[in-house]
Amino acid sequence: MSGINFFSWIRDGVRQSVMLGVSDAIEQLGTPANTEELHPSVVGFLNADRSAATQPKAIGGIAGNDKSRKRLGRSLQEIEAQSQ
């Protein structure tokens with residue numbers, strides 16, 4: 001395997017597979033009609049996506065305060081307290 005990087009070979013294979021998949025999907029589904037209005041399900045999806053983007057996302061559980069989850073490592077305050 002002189003001159004060929006294994007990871008670039010993998011990337012090229014994945015890129016080619018994705019492009020062929022997209023090409024097959026377009027061939028099967030066809031191109032959209034030239035209308036200005038969107039399908040109602042697409043409009044609903046886009047509206048839901050916009051409302052989810054305006055709400056802050058919780059980190060570490062649904063409500064953000066899940067105490068049953070085991071912490072890995074120490075917090076910055078614990079490290080600073082130990083060094084002092």
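Select Arg15 and Asp12 to begin. Both belong to helix α1, where they sit three residues apart, which means about one helical turn separates them. Show their side chains: Arg15 and Asp12 meet there in a salt bridge, with 2.9 Å from N to O. In general, side chains of opposite charge can pair when their charged atoms come close. The structure holds one salt bridge, so a search for salt bridges ends with this one. Now colour Asp12 by accessibility. Its relative accessibility is 42%, so Asp12 counts as partly exposed.

Before going on, note that this is a predicted model. Colour the whole protein by pLDDT. The mean is 75, and 67% of the residues reach 70 or more. Among the elements, helix α1, covering residues 6-29, has the highest mean pLDDT, at 89. Where pLDDT is low, the predicted coordinates should not be read in detail.

Switch to a cartoon view. How many helices and strands does the protein have? There are three helices and zero strands. Followed from the N terminus, the elements run α-α-α.

Next, select the aromatic rings. Searching the whole structure gives two aromatic pairs. One of them joins Phe6 and Phe7, whose ring centres are 5.5 Å apart with 75 degrees between the planes, an edge-to-face arrangement. The other ring pair to select is Phe6 with Trp9: here the centres lie 5.9 Å apart and the planes meet at 35 degrees, so this pair is tilted. Why is about one helical turn between Phe6 and Trp9? Because they are three residues apart in helix α1. Taken together, the ring pairs link Phe6, Phe7 and Trp9 into a cluster.

Is Phe7 buried or exposed? Phe7 has a relative accessibility of 57% and therefore counts as exposed. Trp9, at 52%, also counts as exposed. Phe6 has 43%, so Phe6 counts as partly exposed.

Finally, select everything. The protein has 84 residues, and buried residues make up 0% of them. The protein exposes about 8500 Å², with carbon and sulfur atoms supplying 58% of that area.

Methods:
Residues are numbered from 1 along each chain as its sequence is written. This is a predicted model: local features need pLDDT of at least 70, side-chain atom pairs count only at pLDDT 80 or more; totals for chains, interfaces and linings use all residues. Side-chain values use heavy atoms; hydrogens and water are left out. pLDDT is the predictor's confidence in each residue, from 0 to 100. Helices (H or I, at least four residues) and strands (E, at least two) are DSSP runs, numbered from the N terminus. Rings of Phe, Tyr and Trp (its six-membered ring) pair if their centres lie within 6.5 Å; planes under 30 degrees apart count as stacked, over 60 as edge-to-face and the rest as tilted. Buried means under 20% relative accessible area, exposed over 50%, partly exposed in between (1.4 Å probe, protein chains only). Accessible areas come from the Shrake-Rupley method with a 1.4 Å probe; for residues, only the protein chains shown count as cover. A salt bridge is a side-chain nitrogen of Lys or Arg within 4 Å of a carboxyl oxygen of Asp or Glu.
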